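Dear colleague,

I am handing over the structure we spoke about, and below it you will find what came out of going through it. Please read the notes with the structure open beside you.

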Amino acid sequence: MPTKIARLLAVLLAFMLVAAACGGDDDDGDGDGDDASGETETDGDGSGEAEEIDYEAIGLWDDGPCDESLEPLHVGMMTAFETPVLSLEDQAFALEAAATAFNERGGANGACIEVTTCDDQATLDQAVSCVRDIDEAGVHATINDQGSIGQAEVSQAMADAGIPRIASNVTQDDWDDENAYPLDASGTGVTFLMPQALLDQGITQQGLIRVDLAEFSVFVDLLGGLYPEVDIVADIPVPAGTTDYSQFILGAEDRGAEGVSLPLGEQEAVQVINAAQQLGTDLPIGSSLGSFSHSSVAGFGDFADQMIFVWSFAPATFDIPVYDALRADLAASGEDSLQPENLKASPMRSWIGLYATLEMIRDQNVTEFTRENMTAMLRAAEDVPMLDMFGGADWTPDRNSEGLWSRAGIDTWSTYRWDPAASFNGESGNFVRDGEISFDAVLCGSPFGPPEPC
């Protein structure tokens with residue numbers, strides 16, 4: 001592998017950890033949200049408890065409580081629950097809450113769903129130990145596992161145990177793992193797409209306010225190859241311990257940037273937004289829905305209008321019928337991070353991944369749950385209905401793309417804007433879908449994607 005690509009892969013691993021950290025911190029905000037094109041009213045109290053949901057009408061089912069006498073479907077998940085830099089336990093809470101809710105509506109073809117989660121503590125030894133624990137527990141498949149270290153070892157150990165990884169968050173260590181069935185290109189994918197979000201707004205003179213890694217210059221070079229129309233005029237690192245965040249906005253403006261992207265962790269990203277707001281800049285800012293919930297964006301007031309968000313599936317407060325169930329199921333846990341206004345992307349993936357698994361089980365009438373049967377089901381599945389969560393795209397789990405990034409999941413990503421005229425639960429302000437991005441098209445012609453012509 002060329003040295004330049006190897007250096008870039010090391011940078012992308014750091015980005016994956018940043019993206020993971022973005023998606024897991026709890027929010028205590030008090031905002032609400034949900035909209036695709038205008039006004040949306042759901043639960044008046046903002047609790048997420050939907051009234052009289054017609055599950056069949058929204059693409060789900062309600063067959064009554066699961067049958068505890070049947071052999072259960074056993075799913076698992078491993079990630080870093082709580083470390084100084086990562087806080088992803090909400091993914092485990094969400095998977096447990098989703099299983100509880102789906103069990104009340106028929107489980108997996110009548111069988112109950114059991115959940116085993118494991119904290120990898122962001123250490124290699126514990127990550128490998130988690131695989132052993134999941135294996136010994138008899139887990140048939142993992143859902144939304146998100147490794148923070150030792151992903152190559154974890155990926156190999158899961159494959160050796162025959163445990164398929166559904167809706168997994170892949171990194172450069174397992175982009176080609178055919179035992180992984182990601183919904184999308186995961187946390188690293190969004191870093192490739194932020195410049196496209198700005199370009200779709202006609203912004204060609206762009207800046208990056210980003211993590212402070214010397215190797216990032218390789219990534220800037222790659223962006224130049226992916227986006228020949230874009231001129232990265234400002235490449236600005238944010239050093240650890242920074243207290244004056246206004247300097248980064250001022251630096252981008254001084255260098256002629258017409259808009260900036262924020263490949264940053266949540267804490268730094270929020271500080272940059274606060275500084276931009278205080279300065280009164282008119283720079284559009286591209287970011288990730290893995291970093292910002294409805295309540296945090298609502299807190300930015302009018303400045304939120306300048307933000308452009310990128311993600312593969314719609315935010316939790318969006319006006320999609322199936323999200324009535326997602327919000328109610330997760331809110332019922334009582335966890336603050338799983339309330340609709342505080343939901344970020346990473347815990348949502350647990351519910352979405354479990355839904356897709358159960359949909360495949362129903363469609364293929366799987367009644368005997370083994371790792372082999374689950375793998376066969378995933379390989380046979382095509383066009384699993386994703387109920388408009390991915391902008392109308394459906395999911396073929398065993399999809400392979402050309403290039404290094406062969407397991408990139410659904411190709412369709414979307415951009416979102418904040419619209420103060422939209423609403424959720426009667427409160428003003430919400431996300432609206434603004435555009436669509438093809439992940440394969442962005443990577444076309446690069447070492448990571450398909451060769452030209454695409």
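In which strand does isoleucine 232 lie? Isoleucine 232 belongs to strand β7, which covers residues 231-238; please keep in mind throughout that this is a predicted model. Once its neighbours within four places in sequence are left aside, isoleucine 232 is in contact with Gln206, Leu208 and Val220.

Turning to the aromatic residues, the structure holds 19 aromatic pairs. In one of them, the rings of phenylalanine 292 and phenylalanine 309 have their planes at 70 degrees and their centres 6.0 Å apart, so this pair is edge-to-face. Because phenylalanine 292 lies in the loop between β9 and α9 while phenylalanine 309 lies in strand β10, the pair ties together parts that are 17 residues apart in sequence. Phenylalanine 292 counts as buried at 2% relative accessibility, and phenylalanine 309 counts as buried at 0%.

Phenylalanine 318 and tyrosine 416 also form an edge-to-face pair, since their planes stand at 90 degrees, with ring centres 5.5 Å apart. This pair links distant parts of the chain, 98 residues apart, with phenylalanine 318 in the loop between β10 and α10 and tyrosine 416 in strand β11; both residues are buried.

Finally, one aromatic cluster includes Trp175, Phe192 and Trp311, while arginine 105 lies over the face of phenylalanine 102, at 4.8 Å from the ring centre.

Best regards

How values were computed: Residues are numbered from 1 along each chain as its sequence is written. This is a predicted model: local features need pLDDT of at least 70, side-chain atom pairs count only at pLDDT 80 or more; totals for chains, interfaces and linings use all residues. Side-chain values use heavy atoms; hydrogens and water are left out. Helices (H or I, at least four residues) and strands (E, at least two) are DSSP runs, numbered from the N terminus. Contact means heavy atoms within 4.5 Å. Rings of Phe, Tyr and Trp (its six-membered ring) pair if their centres lie within 6.5 Å; planes under 30 degrees apart count as stacked, over 60 as edge-to-face and the rest as tilted. Buried means under 20% relative accessible area, exposed over 50%, partly exposed in between (1.4 Å probe, protein chains only). A charge sits over a ring if NZ of Lys or CZ of Arg is within 6 Å of the ring centre and within 35 degrees of the ring normal.
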